Amino acid sequence: MSGGAKLIDGKAIAAEIRTEIKHDVESMKRIVPGLATVLVGERTDSSTYVRMKIKACKECSMNSIHRSLPDTASEEEVLQAVEELNRDESVHGILVQLPLPSHINEERILSSVSIEKDVDGFHVVNIGKLAMKGRTPLFVPCTPRGCVELLKRSGVQIAGKEVVVIGRSNIVGLPVSMLLIHENATVTIAHSRTADLPGVVRRADIVIAAVGRSEMVKGDWVKPGCIIIDVGINSKPDSSKKSGYRLVGDVDFEECRKIASMITPVPGGVGPMTIAMLLRNCVDAAMRKEREVNE
Ligand SMILES: Nc1nc2c(c(=O)[nH]1)N[C@@H](CN(C=O)c1ccc(C(=O)N[C@@H](CCC(=O)O)C(=O)O)cc1)CN2
Ligand SMILES: [Mg+2]
């Protein structure tokens, strides 16, 4: 394809969504939406993401509350922090930053979040409803919702398309597949053990790469004219950078941009959408609450 793929600018689309959110927040009469973040431990990446979430709340005129626990915190202490936030009426959304330290049972913590405040959409009831036909979860996980929003706002018709999702994680691969099926796409979930992975990916009109391996998807894996959403965020050593590394996706961007019709960059693609969708979910929760108060 001459000229190469059109860039799907996640940073710009996320900014547009944050403007819509701020407008919604300022139109609310009785409630200021509040997001609670819970961070266990001091992982640098997790601390950065939580800081970005708190900053985004501020930009959208929302409140944020933060609870930090040491990585030695017990499961009971984390549960207690979540329970307090469940009871706090100024909190409309609760986000427990993942991954949790290995001694903590992730499923138990995520399912202790009140379903009405589960803005990550990871509670078994919300995920269960997403996985079923004709049921509506209160919240859809943020990164999957961000992928679908990027496609829609870029004018891509999803219905009837052949989508290959690479990766089967609870955070992205599995929920994004469910969401795309609800959008009437034909979805194949591929992963690291899929036989002839390049051959499977080559069938796709839309590729969602969420496997967590630097630049794994090569130019000769993709169909000419396809659309590529790269969810991967991996560090690659780069001596020309002050930090000594740069971020790359799961897709070999330079090779694939020559073949695809549209592609997301890393950084600046799906990442910013994750936070925009988190705020969207939180404001939706607060608006639901405001409607209840008005009834
Ligand atoms: N409870 C959750 N934990 C995690 C989630 C999640 O949705 N809920 N997702 C990821 C991390 N994540 C948010 O928590 C996240 C990752 C990346 C970005 C982002 O904007 N990335 C930028 C690059 C940022 C950088 O320079 O490091 C980009 O891609 O442009 C936002 C949020 C795991 N945990
Ligand atoms: Mg107001």
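By class, 13 nonpolar, six polar and one charged residues make up the shell around ligand 1, where Ala, Val, Leu, Ile, Met, Phe, Trp, Tyr, Cys and Pro count as nonpolar, Asp, Glu, Lys and Arg as charged, and the others, Gly among them, as polar. The model is predicted, so that local features need pLDDT of at least 70 and side-chain atom pairs count only at pLDDT 80 or more, while totals for chains, interfaces and linings use all residues. Residues are numbered from 1 along each chain as its sequence is written, and chains are lettered from A and ligands numbered from 1 in the order in which they are written.

**Exercise 1.** Determine which residues are closest to ligand 1, and which element gives the most to its shell.

*Solution.* Step one: 20 residues surround ligand 1 (C-beta atom, placed from the backbone, within 6 Å), and the closest are Tyr 49, Leu 98, Pro 267, Gly 271 and Thr 274. Step two: two or more residues each come from helix 2 (44-59), strand 4 (93-96), helix 6 (142-153) and helix 10 (270-294), these being DSSP runs numbered from the N terminus (helices H or I, at least four residues; strands E, at least two). Step three: helix 10 gives the most, with four residues.
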